[in-house]
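Visitor: Hi! I'm new to reading protein structures, could you walk me through one?
Guide: Happy to, let's bring it up.

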Amino acid sequence: MEQKQILTIVVVAIVIVAAAAVAITALGNNKDSSSVDVDATVVIYGNANNDWRIDSEDVSFVQSIINGETTWNKTTNPYADANNDGSITQEDVDLINKIINNEGCTVYYLNYFGETQAINYPLVNNRIMVNYWQQAEAVAILGHWNEVVVASAAATELYPDLYPDDNCVTVGTTGSSTKAAEATETIINEKVDLIIATASTACKSAYAVLESSYPDIQIIYLWHSGDSVIPTILTLGILMCSEEKAEAYAEFVTSQMDAIEDKISQLDELPTVVTLITYSNTAERAQNNGGYAAMLTDTEGAHYLIGKISNVMYGPDESGWGYSYRNIEWFLEHDSEIDFIIGCEASIGFNSGSTKATYNERFETNVELFNQLTCYGEGKYIGSVYSFLGGFSGTAMLPLIAYMLYPDLFSESEALETLQYWFNNFTAADIDVNDMGGYYYTGDKYDIWYNRDDRSSLSSEIVTTFTVDEYQAVINRI
């Protein structure tokens, strides 16, 4: 197919960047948090000014409404009505102050379904259930994993080194959040009083019995990927009195994405990418489902993130989760449009069976399924780990994907350092990414793009040189 051209920086510029890189930390990990502007809204009533905190500024905003200095617009500032009674009074100020001071009270938040839910605040010292691995991620980020007493098999069985089940009971299956939600008897027996749930209609329906018969069991419905990751963690952080951890996460994601976008902005044109969910039995699943699971809408977190660094192919969502099944004929039909395929390996977890060798073997099996495509011959079927890209940790994995796509612009060491930073600061796991976690293809049975000596010749027609001032501007952005 006609090769889309990707910006290649001249050798002299690369040498200068390499020399300067000694003084540059990996993608902003050590960026001064005071300089990070987090663009997110906490969806808790009491967040009067729609920012990412509940603090004295919210008190001042509501007080100005009470004093007649500001006109309350219910549409633009819905959370100013802290007690959700339809009017702004001193009671709203009092409730906001209780939230700030972590005092017991009833607060309200807007859930994923657009419903206003009452919560017994604060959510501390609970007996928690997480009903999928993304919800386990959220609880771990906020430092509450030791309070989990019931967990989905999608967390504890797939990723036992990340989510040990020493203190909790495992329910459900590794592939369904709904099955965990249906474990009503276990939830009751284990005296669960807080469920961090997958915000799906199927899970909500499964929890209907609990909600009607056990009103003391509180259920949180917030989304777990895409643009929602920061608002969700910040909202949970306030409800669970873990604001410092939540804000550290928000600053990490924001600074990472800023640094990545700065580098991506150096490209004249982005390649077109198709993202897939692949398995140990991808061929069998494709036969049963009529095709491969292609992520085609930004409902799917991996698709959303990869869309930040490439042009991703869009299409109708047949699953309700952001992907559709496409047969090999569809791929052949679009062969001239597809520059890269990214196969996101599902069920590669943190256990003794999930090694780089295991990952490589599965990758080699799956890549062969697409050997009729031009991108296969060019080594442009690359790989990732879906369990990162599909949830709250996606930003930590994105630099490694960026390295695979743009090895002249991103570095492997930089990407692994970012991933290690994630484990060190946002999990309770003792993980060395050089041994476990940094999964990408390192085998020799497939001549992959980022290992090719002749890679630059594929994209050498566009060469950009920098003046000294232009180069300095790029460094300042990074």
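Guide: Let's begin with a definition: the expected span of a helix is 1.5 Å times one less than its number of residues. Keep in mind that this model is predicted.

Visitor: Okay, what span should helix 11 have, and how far apart are its end C-alpha atoms?
Guide: Helix 11 covers residues 243-264, which is 22 residues, so it should span 32 Å.

Visitor: Switching topic: how much space lies in the largest pocket?
Guide: About 710 Å³. Its lining has 35 residues, and the closest to the centre are Tyr132, Gly175, Tyr279, Tyr323 and Tyr386.

Visitor: Which element gives the largest share of that lining?
Guide: Helix 12, with 4 residues. Other elements that give two or more residues include helix 4 (133-141), strand 12 (323-326) and helix 17 (386-389).

Visitor: How many of the lining residues are nonpolar, polar or charged?
Guide: The lining has 18 polar residues, 15 nonpolar ones and 2 charged ones.

Visitor: Now cysteines. How many disulfides does the structure hold?
Guide: The count is 0. As background, a disulfide is a covalent bond between the sulfur atoms of two cysteines.

Visitor: Is Cys168 buried or exposed, and why?
Guide: Cys168 counts as buried because its relative accessibility is 11%, and buried means under 20%. Cys375 is also buried, at 2% relative accessibility.

Notes:
Residues numbered from 1 in each chain as written. Predicted model: local features only at pLDDT ≥ 70, side-chain atom pairs only at ≥ 80, totals over all residues. Heavy atoms only, no water. 1 Å grid on protein atoms, 1.4 Å probe; cavity = no way out; pocket = protein on both sides within 12 Å on 5 of 7 lines; lining within 4 Å. Points joined across faces, edges and corners; volume = space filled by probe spheres on them. Nonpolar A, V, L, I, M, F, W, Y, C, P; charged D, E, K, R; others polar. Disulfide = S-S within 2.5 Å. Buried < 20%, exposed > 50% of the residue type's maximum accessible area, 1.4 Å probe, protein only.
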